[in-house]
Amino acid sequence: MLSKAAQFDEMGGVDGSTRLPYEKLSRWLSTVEPEFLASRRAQAEYLFRRIGITFAVYGSQEATERLIPFDILPRIIARAEWAQLEKGLVQRVKALNLFLGDLYGPGDILRAGVVPSELVYRNPSFRPEMAGRRVPHDIFVHIAGIDIIRTDDDGFYVLEDNARTPSGVSYMLENREVMMRLLPDLFALHRVAPIENYPDQLLATLRSAAPRSAGADPVSVLLTPGQYNSAFYEHSFLADKLGIELVEGRDLFVKDDIVYMRTTEGPRRVDVIYRRIDDDFLDPLAFRPDSALGVAGLMGAYHAGNVTLANAVGTGVADDKAIYTYMPEVIRFYLGEEPLLKNVPTWRCREKEALAYVLEHLDELVVKEVNGSGGYGMLVGPHATRAQIADFSVKLAANPTNFIAQPTLALSTCPVSVERGVAPRHVDLRPFVLYGPNGASVVPGGLTRVAMTENSLVVNSSQGGGTKDTWIIDDAPARA
């Protein structure tokens with residue numbers, strides 16, 4: 001079982017000796033003065049402020065725009081380690097696509113009893129409007145962000161799946177640019193896999209997913225809720241990198257089941273919409289009638305097969321943390337393979353025996369809402385007060401189907417530059433998987449999120465977490 005006591009130091013290993021991927025970084029750190037690291041931290045903060053890399057925190061009484069803390073020391077993963085992780089990521093996203101196609105199609109996995117049908121049909125993200133509908137190329141998840149934690153040399157676990165509108169890739173790209181500017185000498189010591197071609201890969205994936213009726217040069221746009229959305233910086237950043245238009249709902253209209261974009265030269269047909277708007281707000285004629293963010297008639301064009309939405313409508317059901325617990329069975333059902341990446345051991349509180357165990361061990365466990373995100377609505381038992389545990393037990397007992405529980409996660413640690421020197425901090429990893437008609441690709445690295453507070457396990461930016469650059473290196477093979 002995973003526990004905090006078993007935490008793995010990615011630089012120091014289990015015995016304190018520097019692991020091979022970190023040997024050059026360790027030697028480099030021994031040659032630099034604390035003042036040098038402090039100056040680079042200050043320069044990094046200045047660069048991020050000048051570039052404008054911020055995110056919004058809803059409900060905060062402070063300023064709505066915040067800077068995500070950035071650590072200047074890279075997280076390093078050897079190519080051999082990454083290769084195994086990459087295989088598991090591709091396997092998982094392939095299974096997710098088959099699963100979603102089946103849920104909205106024949107429902108074979110539900111009839112087989114592998115996944116309880118009530119978990120799907122009662123899920124608020126399940127979209128009955130998609131039942132029996134085909135999506136272009138039968139692909140539901142074009143862009144996935146799979147959250148990964150590490151426990152030892154070989155132990156990578158999936159923490160959760162993000163199949164709806166995964167975010168964070170802009171920070172991954174900006175982190176790399178800042179690192180290359182601030183620490184070129186450290187880069188020169190390693191052969192770091194490039195990530196700057198991700199926008200080209202994303203655009204190629206979007207174009208390949210265009211409806212078969214689209215022309216030879218399909219038009220893609222990025223649909224944003226607007227400047228007040230917490231991830232608007234990322235939306236504008238990606239649209240610029242992709243070379244596509246950043247649009248709001250008012251910039252599009254539908255005529256004869258075809259989506260058009262308003263331009264100064266007249267209407268222009270749109271074939272692919274990379275949407276960063278939740279299902280509820282996409283089309284006021286199909287979902288929330290009070291939505292001013294979407295496009296009236298968009299679902300009609302979608303069902304007619306005249307436009308691709310990436311990701312597809314209804315993918316949010318795969319983000320559900322209760323569905324997550326069945327992913328090993330999902331992989332076996334559709335692919336006939338054993339999962340290459342393990343799930344974190346999880347108790348489904350909807351099950352009587354599991355609920356009894358969780359209620360008795362709340363002080364040891366992490367309990368999460370099945371539809372929760374961002375670190376909200378959860379209980380971290382070992383860090384909670386008796387009063388908090390008592391209050392949470394009442395909420396859990398009243399609605400157990402809304403929760404799952406996991407052991408206190410053994411997030412690995414990486415070195416972080418802090419005021420007093422270098423110290424370990426807990427991290428997770430969000431690799432980004434692109435999936436199109438031509439197959440899958442994974443950007444080599446992903447977004448490493450860091451719990452900047454000592455001993456904290458919460459890496460979410462909305463809860464004070466930071467980020468760091470992730471290096472996949474070719475010159476330090478994994479230790480046998």
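**Reading the contact between two domains**

Modeller: The area buried between domain 1 and domain 2 is about 1500 Å², with carbon and sulfur atoms giving 51%. Buried area here is the accessible area (1.4 Å probe) that two parts lose on being put together, summed over both. This is a predicted model, in which local features need pLDDT of at least 70, side-chain atom pairs count only at pLDDT 80 or more, and totals for chains, interfaces and linings use all residues. Residues are numbered from 1 along each chain as its sequence is written, and side-chain values use heavy atoms, with hydrogens and water left out.

Colleague: Into which domains is the chain divided?

Modeller: Domain bounds come from an automatic or database domain assignment. Domain 1 comprises 75-172 + 194-210 + 306-336 + 424-471, and domain 2 comprises 344-405. Their contact (heavy atoms within 4.5 Å) takes 21 residues from domain 1 and 17 residues from domain 2.

Colleague: How many salt bridges does the rule find across the interface of domain 1 and domain 2?

Modeller: A salt bridge is a side-chain nitrogen of Lys or Arg within 4 Å of a carboxyl oxygen of Asp or Glu. The rule finds 1 across this interface. Arg 350 forms a salt bridge with Glu 118, their closest N and O atoms being 2.7 Å apart.

Colleague: Is Asn 162 buried or exposed?

Modeller: Buried means under 20% relative accessible area, exposed over 50%, and partly exposed in between (1.4 Å probe, protein chains only). Asn 162 has 13% relative accessibility and therefore counts as buried. Residues touching Asn 162, not counting those up to four places away in sequence, include Ile 143, Asp 319 and Arg 430.
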